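This report is written for a reader who is meeting the structure for the first time. Please look over the sequence and the model before reading on.

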Amino acid sequence: MRVAVLADSDTRWKWGALTANRIVSDSRLSGFLLRGRATPTPRQLQEVGVTADSLREVTAVEFLREMEREVEEYDVIVLALVGGAVQAMLHGLARVWQDRPERPVVVTGYVGVVYEKLADGLLLRHGADLVLANSRQDAERFRAVYEGVGADASGVTETALPFLGGADYVPNDPYTVVFAAQPSVPENRKDRTYLLERLVQHAKLHPEREVLLKLRSRPGEHTTHIEELPYQKLAQRIEGGLPSNFRLVYGNMGEVLDRTDLLVTVSSTAALESLHRRIPTVVLSDLGVREALGNHHFIGSGCLASWDELDEGHRPEPDTTWVARQGVAAEGGYERAFDEARARVRKLLTAESLAPISPYYTLTTAPGYLPGILARHHLDRDGSPLPGAPGADKEPGPVRQIVRRAARGAYRHGVQRVAPVIRRMGEL
């Protein structure tokens, strides 16, 4: 089986590659990294720990050209992208595969908890053969959205997060508290500083514990979301310095969870990884339970708590019914979560022909929205490359690759260094 995964960030590469491994056994995996602000660095790819038989960076147009030229080389394509990029690729693939009864099966989905832009993100993903839902709850919500706008909901397929796993929780010595940081939640300096100070305070109140701040990326690297205020920089300004039992750590989340006795976060998907392994897990309520933070998704989980409660030794008890509806198979049966997706892929691959890709958004249903989405990926209204689109004329040479890397570095520097300064100046 030959599978192509197109991803636009480190977390989406992890989701896409692991999803491919879950739903297609014994496959040859070709990885494509969509060039952009969040294209993962070699360090980030190594930290993810997922390998491929081949891996290279491409523009949207370069990927579509590959899919047109090598259409018979692939059985399944996994689009592990943000919603707008998925929609652009679907229209581009529909064009390059038009009048082709035999084509690869197209799969897409979400990298984690879906707590915002449900309708927007789902409709942008409509048109793939399979739209994977990471839980029973998500599958029900996805179908309701599609049916509510009159779109075909048959592609919605219930699975689970592909990166759950690891050994069940065993107490560690010393007792270890891990705070799973998120790049954009919360957004402002005040709230991020508050969380960091409470984490440091917890370390001081419990010198017998090891307290770890698990970071997603190093300064200058980008993930799925932009991080303008890295905790690394905020930590340098902590009055009195950091206690000896407090450390900043990187690495694979699964490896960090191996030594975790209490996982604390605002709304990270790491909470589901932790619950899957029966590790005591807390979703913080200190900044409120709000849609903007994403922690409203955990209402009913039994995991909501504050730093004050944690300082006093509180250990949450998750609600088993809630956990089961989130695709977290703490009681077993995790591998069976992908059975339906595997069966659907096999059925589509053995069909005499596949229907053309037909997204819900067209120039008839969304004439004021779709052209802008396509243009952001250098595609015209019919899914063809716009004149002057990167990669439309020829394969990128060494000089063009160097220029692209330099431009990406300049962009990241502007986002993390220049933009915040300009905003502060504007507030004077």
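## Burial and the basis of the model

A residue is called buried when its relative accessible area is under 20%, exposed when that area is over 50%, and partly exposed in between, with a 1.4 Å probe and protein chains only. The model is a predicted one, in which local features need pLDDT of at least 70 and side-chain atom pairs count only at pLDDT 80 or more, while totals for chains, interfaces and linings use all residues. Residues are numbered from 1 along each chain as its sequence is written, and side-chain values use heavy atoms, with hydrogens and water left out.

The chain has 428 residues, of which 54% count as buried, and its secondary structure comes to 15 helices and 13 strands; here helices (H or I, at least four residues) and strands (E, at least two) are DSSP runs, numbered from the N terminus. With contact taken to mean heavy atoms within 4.5 Å, residues 24 or more positions apart account for 73% of the contacts in the chain that have a separation of 6 or more.

## Sheets and strands

Two strands are said to pair if DSSP finds at least two bridges between them. An open sheet of six strands, with parallel pairing, runs in the order 10-9-8-11-12-13, and its edge strands, strand 10 (246-249) and strand 13 (304-305), each pair on one side only. Within this order, strand 8 and strand 9 (residues 210-214) pair in the parallel sense over five bridges, and Phe-179 has Leu-213 in strand 9 as its bridge partner.

Strand 2 (residues 28-34) and strand 3 (residues 54-58) also pair in the parallel sense over five bridges, with Ser-30 standing opposite Ser-54 in strand 3. Together with helix 2 (residues 42-48), these two strands make a right-handed β-α-β unit, a crossover being right-handed if, with the strands pointing away from the viewer, the path from the first strand over the helix to the second runs clockwise.

## Buried parts of the chain

Helix 3 (residues 60-69) is largely enclosed by the rest of the structure, because eight of its 10 residues are buried. Among those buried residues of helix 3 are Val-61, Phe-63, Leu-64 and Met-67, and also Glu-62 and Arg-65.

Pro-359 belongs to the loop between helix 13 and helix 14 (370-376) and is buried, with a relative accessible area of 12%. Leaving aside neighbours within four places in sequence, Pro-359 is in contact with Gln-87, Leu-90, His-91, His-126 and Gly-127, and the C-alpha atoms of Pro-359 and Ala-94, which are 265 residues apart along the chain, are separated by 9.0 Å. Thr-159, in the loop between strand 7 (156-158) and strand 8 (176-180), is likewise buried, with a relative accessible area of 4%. With neighbours within four places again left aside, the contacts of Thr-159 include Leu-132, Asn-134, Phe-338 and Ala-341.

## Pocket and cavity

On a 1 Å grid over the protein atoms alone, a cavity is a set of points where a 1.4 Å probe fits but cannot get out, and a pocket is an open set with protein on both sides within 12 Å along at least five of seven lines, while lining residues have an atom within 4 Å of a point. Grid points are joined across faces, edges and corners, and a volume is the space filled by probe spheres set on the points.

The second largest pocket holds about 410 Å³ of space, and of the 21 residues that line it, the closest to its centre are Ala-128, Asp-129, Asp-152, Ser-154 and Gly-155. Helix 13 gives the most to this lining, with three residues. A search of the whole structure finds one cavity of 30 Å³ or more, and the largest cavity holds about 60 Å³, with a lining that includes Gly-112, Asn-134, Asp-138 and His-297.

## Backbone details

The peptide bond from Asp-173 to Pro-174 is cis, with omega near 5 degrees, and Pro-174 lies in the loop between strand 7 and strand 8. A cis bond is also found from Val-185 to Pro-186, with omega near -10 degrees.

Asp-99, a residue other than glycine, has a positive phi, near 70 degrees, and is exposed, with a relative accessible area of 76%.
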